[in-house]
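Here is a quick walk through a two-chain model, written for someone who would rather look at the structure than read tables. Have the viewer open as you go.

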Amino acid sequence: MPPAHDLTPFREQELAPAGNPAVVRSADGRWYTVTGPCPNCHANSVFRVAYGVLGPYKGRWLGRRSEPEPHSGSILVYCQCGFPHPDRPSESPDTGCGAFWDVPVP
Amino acid sequence: MTDLTRKRFAQLGQQLQLEQLTAVRKQAEGWRNGLTALTGLVGVVFVLKGRESVAGMPAVWRWTTAALLVLAFALLLTGALAAVRAAHGRLGQRMWLSGDRLMSAVLDEVEHTQDVLTTARRCSVVGLSAVVAAIAVSWVVPAEAAKDEKPAGPQVLVSTPVGITCGELVLSNGDAVTVRTGGKGKLRRIPAGDVRSLTPTSRC
């Protein structure tokens with residue numbers, strides 16, 4: 001049973017990942033889904049990172065684009081739990097507790 | 001140590017995921033307007049300065065000009081329609097509007113819009129080049145040689161006791177009939193007394 005959500009005061013801080021976050025690539029290879037608990041407020045988070053497709057595609061005339069190269073290194077994930085954490089500035093684009101962490105891509 | 005810049009860029013990436021379709025649409029609108037303006041500009045500048053008609057050009061060049069203009073029209077029309085398609089695409093048509101599928105559809109649409117925009121650019125550039133080539137042909141190619149030009153006056157056959165003379169009728173009065181004969185336009189005067197008959201003809 002995962003720990004209950006903790007309504008901690010809003011604070012932007014970098015933390016080590018908690019638990020074993022899962023990084024799954026979509027079937028067509030165009031985005032990654034990172035799931036795991038927030039190391040600060042313990043909310044389960046789902047974070048998606050899509051491959052940017054803006055700009056003309058180089059290297060072909062016809063046919064479908066090839067699958068993008070796999071992401072290397074780690075993906076920075078930030079909390080988007082949606083709970084009203086106290087002290088969060090109203091102008092902040094954050095929707096979580098402010099914590100962020102790196103999840104290595106396998 | 002907390003590096004907030006990394007987080008800000010991660011936030012920007014999340015925002016861009018949602019807004020890339022809007023961004024590519026704006027980009028396509030800019031290209032559509034630019035290509036339309038360029039096509040209009042080239043059309044006005046070159047067509048007004050060019051020859052008014054292809055009549056008088058040798059047949060080969062006349063057909064070449066016509067083919068270039070037809071090709072240019074087809075390419076510019078395709079380019080214009082592609083640019084409009086890129087600027088006003090259809091998203092979410094005949095599909096389940098679930099989050100996953102819509103995310104896939106947005107990525108597909110952004111890629112497709114880029115491809116269509118590339119097609120629009122290529123068609124417009126080749127089409128404009130074809131227009132310029134057609135106008136250049138009409139400027140450079142001279143009119144057909146004088147032998148093929150229509151004479152100013154009627155062609156006549158003048159029958160005399162010594163033979164028949166064919167040429168362009170220049171003057172005819174009670175004294176003589178004057179005709180222009182040959183390719184060099186040499187004038188020949190035939191006294192009225194020698195003329196047996198004067199017959200119009202289509203060509204000599």
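## Where the chains meet

How many residues does the contact take from chain B, and how many from chain A? The contact takes 27 from chain B and 28 from chain A, where contact means heavy atoms within 4.5 Å. Together the two chains bury about 2500 Å², with 50% of it on carbon and sulfur atoms; buried area here is the accessible area (1.4 Å probe) that two parts lose on being put together, summed over both. Arg6(B), Lys7(B) and Glu111(B) supply 23% of the area that chain B buries against chain A, more than any other three residues.

A word on ground rules: this is a predicted model, so local features need pLDDT of at least 70 and side-chain atom pairs count only at pLDDT 80 or more, while totals for chains, interfaces and linings use all residues. Residues are numbered from 1 along each chain as its sequence is written, chains are lettered from A and ligands numbered from 1 in the order in which they are written, and side-chain values use heavy atoms, leaving out hydrogens and water.

## Chain B overall

Chain B has three helices and five strands, running α-α-α-β-β-β-β-β from the N terminus. Helices (H or I, at least four residues) and strands (E, at least two) are DSSP runs, numbered from the N terminus. Of its 204 residues, 32% are buried, that is, under 20% relative accessible area, against over 50% for exposed and in between for partly exposed (1.4 Å probe, protein chains only). Take the contacts in chain B between residues at least 6 apart in sequence: 64% of them join residues at least 24 apart.

UniProt, in an unreviewed entry, puts the feature "transmembrane region" at residues 30–48 and 60–84 of chain B; such annotations may be inferred rather than shown by experiment. Over residues 60–84 of chain B, the model is 100% helix and 0% strand, with the end C-alpha atoms 36 Å apart.

## The strands around β3(B)

Strand β3 (residues 176–181) of chain B has five of its six residues buried, so it is largely enclosed by the rest of the structure. On one hand, strand β2 (residues 163–172) of chain B pairs with β3(B) in the antiparallel sense over four bridges; two strands count as paired if DSSP finds at least two bridges between them. β2(B) and β3(B) make a hairpin with three residues between them, and Ser172(B) sits opposite Val177(B).

β3(B) also pairs with strand β4 (residues 186–191) of chain B, antiparallel over six bridges. There, Val179(B) stands opposite Arg188(B).

In chain A, an open sheet of three strands has the order β1-β6-β5, with mixed pairing. Its edge strands are β1 (13–15) and β5, each pairing on one side only. β1(A) and β6(A) pair in the parallel sense over three bridges, and Leu15(A) stands opposite Trp101(A) in β6(A).

Most residues other than glycine have a negative phi. His42(A) has a positive phi of about 70°; it is found in the loop between β3 (31–37) and β4 (44–50) of chain A, and is partly exposed at 30% relative accessible area. Asp87(A) also has a positive phi of about 70°. Asp87(A) lies in the loop between β5 (74–78) and β6 (99–104) of chain A and counts as exposed, at 61% relative accessibility.
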